[in-house]
Amino acid sequence: REIVLADMRNTEVALKYATREVRGDRAMLLEEVRRSWWVLRWATKVLRCDRELVLTAIQMDGFALRFALAELRGDPEVVLAAVKGRGRALEFASQELRGDREIVFVAVQQDGDALYYA
């Protein structure tokens, strides 16, 4: 774990090659996602459905929604948080939420190009 943590400070891709046990270490991932939302990509499926972890990544960059599992991509609160920071994150929302007026409005206010994904 310590070796992976040390290496991740150099590159987020180190997690890609880590063991499943390390990629499933919630405490470590929560710490690392605060440095780079991109590490969410290599988290286990269980953690990519962890609301707190995903919301933490989304606070860094709304595009982190792309690595969340379908359950969270269909969660209005999670999607709204994503599009507030990055309108085009609407692309990764569930089909249902891509048609939600409030979410689309917020996304388009943040980035007019988000309308393409509505």
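Predicted model: local features only at pLDDT ≥ 70, side-chain atom pairs only at ≥ 80, totals over all residues.
User: Which residues does L65 touch, leaving aside its neighbours within four places in sequence?

Analyst: Contact here means heavy atoms within 4.5 Å. With those sequence neighbours set aside, the partners of L65 are I58, L72, R73, V78, V79, A82, A89, F92 and A93.

User: How far apart in space are L65 and R86?

Analyst: In sequence, 21 residues separate L65 and R86. Going C-alpha to C-alpha, the distance in space is 10.0 Å.

User: Which residues have the most contacts inside the largest nonpolar core?

Analyst: That core has 40 residues. At least two residues of the core come from each of α3, α4, α6 and α7. The ones with the most contacts inside the core are L15, L29, L40, L65, V83 and L90.

User: How many helices and strands does the protein have?

Analyst: Reading from the N terminus, the elements go α-α-α-α-α-α-α. The tally is 7 helices and 0 strands.

User: How are α3 and α4 oriented to each other?

Analyst: α3 takes in residues 26-33 and α4 residues 51-60. Their axes come within 9 Å and cross at roughly 15 degrees. Angles under 35 degrees count as roughly parallel, and α3 and α4 are therefore roughly parallel.

User: What is the class make-up of the contact of α3 with α4?

Analyst: On the α3 side you've got R26, L29, L30 and V33, meeting E52, L53, T56, A57 and M60 of α4. Sorted by class, the residues of that contact are 6 nonpolar, 1 polar and 2 charged.

User: Now α4 and α6: is their crossing left-handed or right-handed?

Analyst: The axes of α4 and α6 come within 9 Å, crossing at roughly 15 degrees. That angle is why α4 and α6 count as roughly parallel. As for the hand of the crossing, the call is left-handed.

User: Which residues make the contact of α4 with α6, and how do they divide by class?

Analyst: α4 brings R51, V54, L55 and I58, while α6 brings E77, V78, A81 and A82. By class, the contact of α4 with α6 divides into 6 nonpolar, no polar and 2 charged.

User: How far apart are the axes of α6 and α7, and how are these helices oriented?

Analyst: α6 spans 76-85 and α7 spans 101-110. The pair packs at an angle of about 15 degrees, with axes 7 Å apart. That makes the orientation of α6 to α7 roughly parallel.

User: What hand does the crossing of α6 and α7 have, and which residues meet there?

Analyst: The crossing of α6 and α7 is left-handed. The contact of α6 with α7 counts 7 nonpolar, 2 polar and 2 charged residues. From α6 come P76, V79, L80, V83, K84 and G85, and they meet α7 at E102, I103, V106, A107 and Q110.

User: What percentage of the residues in the protein is buried?

Analyst: The protein has 118 residues. Going by relative accessible area under 20%, the buried ones make up 48%.

Key. Residues numbered from 1 in each chain as written. Heavy atoms only, no water. Axes fitted to C-alpha atoms, helices over the stretch in contact; angles between N-to-C directions. Helix = DSSP H or I, 4+ residues; strand = E, 2+ residues; numbered from the N terminus. Parallel < 35°, antiparallel > 145°, perpendicular 65-115°, else oblique. Nonpolar A, V, L, I, M, F, W, Y, C, P; charged D, E, K, R; others polar. Core = buried A, V, L, I, M, F, W, Y, C linked by side-chain atoms within 4.5 Å. Buried < 20%, exposed > 50% of the residue type's maximum accessible area, 1.4 Å probe, protein only. Left-handed = near helix turned anticlockwise from the far one by under 90°.
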